[in-house]
Amino acid sequence: MIKLIIGLGNPGEEHMEDRHNAGFWFVDALGRQLQVRFETEKRFHGKVAKARWEGEDLYLLKPSTYMNLSGQAVGALCRFHKIAPKDILVVQDELDIKPGTARLKLGGGTGGHNGLKDIQAHLGTPDYWRLRLGIGHPRDLAAEGARPMEVADYVLRRPLQAEQKQIAASIEDGLQILSLLMKGDPQAAMLELHSKVN
């Protein structure tokens, strides 16, 4: 059973619409769906919402530490509430997946994602669930004739309007399969999610 869902992103108005904040967009959408509000919790270095799912507590977390130190918030909340890594879902932006596509997996590498690197360092294991929301890669834009862009600049910018719609659709897809994952049927969740095309 998933007990904690973490959306990765950077705090502050100036980052709200950045591609790097796709994880925040997901947990914000989930919070609205569950009708819960995020409150700043200094001991957990982030904004936390507490919901009930099938009679169990479910925590939603948006770290306030900036992406590269996300593990500080995750580690603090997991230690306090005694949540095991296998009961965590981290929602992140993914450069190597095109906008409109979402992928679910347990464990694996960090793919150079600094938020995941820090979470892994604090948890001491890579064995937690990840929902990867595709944001595309700047080389894709360059292939279409756009000016080449560094990855850091790309993730800290707002998606194009068409991309934004595709990312919103993949967030919706992720929300739809969440109940399967929560019920302990990750294979069915992956099968359904990975068959969707936006």
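Which elements cover the buried residues of H2? The cover includes strand S1 (4-7), strand S3 (46-53), strand S4 (56-63), strand S5 (88-94) and H3. The model is predicted.

**Helix H2**

- H2 spans residues 70-81.
- The helix has 12 residues. From first C-alpha to last, H2 reaches 17 Å, close to the 16 Å expected at 1.5 Å a residue.
- Ser-70, Gly-71, Ala-73 and Val-74 are among the buried residues of H2. Gly-75, Ala-76, Leu-77 and Cys-78 are buried too.
- An α-helix has 3.6 residues a turn, so residues three or four places apart point the same way.

**Packing of H2 on H3**

- Two packed helices are described by the angle between their axes and the distance between the axes.
- H2 packs with helix H3 (residues 114-123) at an angle of about 35 degrees. The two axes are 7 Å apart.
- The crossing of H2 past H3 is right-handed.
- On the H2 side, the contact is made by Ser-70, Gly-71, Gln-72, Val-74, Gly-75 and Cys-78. On the H3 side, the partners are Gly-115, Asp-118, Ile-119, His-122 and Leu-123.
- By class, this contact has four nonpolar, six polar and one charged residues.
- Ser-70, Gly-71, Val-74, Gly-75 and Cys-78 meet H3 and are also buried.

**The aromatic pair**

- The structure holds one aromatic pair.
- The partners are Phe-44 and Phe-80, whose ring centres are 5.4 Å apart. Their planes stand at 65 degrees, so the pair is edge-to-face.
- The pair links distant parts of the chain, with its members 36 residues apart. Phe-44 sits in the loop between strand S2 (39-41) and S3, while Phe-80 belongs to helix H2.
- Is Phe-44 buried or exposed? Phe-44 has a relative accessible area of 3%, so it is buried.
- Phe-80 has a relative accessible area of 46% and is therefore partly exposed.

- Most residues other than glycine have a negative phi, and most peptide bonds are trans.
- His-45 is not a glycine, yet its phi is positive, at about 50 degrees.
- Where is His-45 placed? His-45 is in the loop between S2 and S3, the loop that also holds Phe-44.
- The relative accessible area of His-45 is 29%, so this residue is partly exposed.
- Lys-82 likewise is not a glycine, and its phi is positive at about 55 degrees.
- Lys-82 follows H2 and lies in the loop between H2 and S5.
- Lys-82 is exposed, because its relative accessible area is 73%.

- Leu-180 lies in helix H6 (residues 161-182).
- Neighbours within four places in sequence aside, Leu-180 is in contact with Asp-185, Pro-186, Ala-188, Ala-189 and Glu-192.
- Leu-180 and Met-190 are 10 residues apart in sequence, and their C-alpha atoms are 9.0 Å apart in space.
- Glu-172 is another residue of H6.
- How far apart are the C-alpha atoms of Glu-172 and Leu-30, which are 142 residues apart along the chain? The separation is 9.4 Å.
- Glu-172 counts as partly exposed because its relative accessibility is 37%.

Definitions and conventions:
Residues numbered from 1 in each chain as written. Predicted model: local features only at pLDDT ≥ 70, side-chain atom pairs only at ≥ 80, totals over all residues. Heavy atoms only, no water. Axes fitted to C-alpha atoms, helices over the stretch in contact; angles between N-to-C directions. Helix = DSSP H or I, 4+ residues; strand = E, 2+ residues; numbered from the N terminus. Left-handed = near helix turned anticlockwise from the far one by under 90°. Contact = heavy atoms within 4.5 Å. Nonpolar A, V, L, I, M, F, W, Y, C, P; charged D, E, K, R; others polar. Expected span 1.5 Å × (residues − 1). Buried < 20%, exposed > 50% of the residue type's maximum accessible area, 1.4 Å probe, protein only. Phe/Tyr/Trp six-rings, centres within 6.5 Å; stacked < 30°, edge-to-face > 60°.
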